[in-house]
Amino acid sequence: MKNKFIKISIILFTFLISGYLLSLIIINSLMNFELIGNKVINVSYGDTYQDEGIKIKFNKKDITDKVRVEDNTNYQELGNYYIKYHIKYLWFNKAIERKINVIDDEKPIITLNGDNPLYLTYGKEYIEPGYTATDNYSD
């Protein structure tokens, strides 16, 4: 009697797990994700990026309003960041990411002081007039 109960329990458990996995496969096949714009975005230091968003449909029904967006991008700090789109619908739970690279693509500007061209006289001491350098980002 005990063995029969164990066999029935195993069969029921297998049936439940199979049904759950099958429902996940069906839900996943009915989900349609459309990341609007590029998956990787390069943004110049100090600029900002206007997120284009994502569209999600379940069985042709728009469920984009169920998306929770997480964006911790710091446009004042060089680095790699992610905008995460979290969707939780029925038994489905997934996150999709867009990578944001904040880059310094502006070259430093170096300006030489003094005359150009600079003429030297033989026998006279040379005094370097110097330079100035500016950069939009300094570490």
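Leaving aside neighbours within four places in sequence, which residues is Glu97 in contact with (heavy atoms within 4.5 Å)? They are Leu35, Lys39, Tyr82, Ile83 and Lys84. This is a predicted model, in which local features need pLDDT of at least 70 and side-chain atom pairs count only at pLDDT 80 or more, while totals for chains, interfaces and linings use all residues. Residues are numbered from 1 along each chain as its sequence is written, and side-chain values use heavy atoms, with hydrogens and water left out.

**Confidence**
- The chain has an average pLDDT (the predictor's confidence in each residue, from 0 to 100) of 83, and 78% of the residues score at least 70.
- Confidence is lowest in helix H1 (residues 2–30), with a mean of 58, and highest in strand E2 (residues 40–44), at 96; helices (H or I, at least four residues) and strands (E, at least two) are DSSP runs, numbered from the N terminus.
- Where pLDDT is low, the predicted coordinates should not be read in detail.

**Sheet**
- Four strands form an open sheet in the order E2-E7-E6-E5, with mixed pairing (two strands pair if DSSP finds at least two bridges between them).
- E2 and strand E5 (67–71) are the edge strands, each pairing on one side only.
- E5 pairs with strand E6 (residues 79–89) in the antiparallel sense over five bridges.
- Val67 has Ile87 as its bridge partner in E6.

**Glu97**
- Strand E7 (residues 92–103) contains Glu97.
- Glu97 is partly exposed, because its relative accessible area is 30% (buried means under 20%, exposed over 50%, partly exposed in between; 1.4 Å probe, protein chains only).
- Glu97 and Asp71 are separated by 26 residues in sequence and by 9.9 Å in space, C-alpha to C-alpha.

Terms used. Contact means heavy atoms within 4.5 Å.
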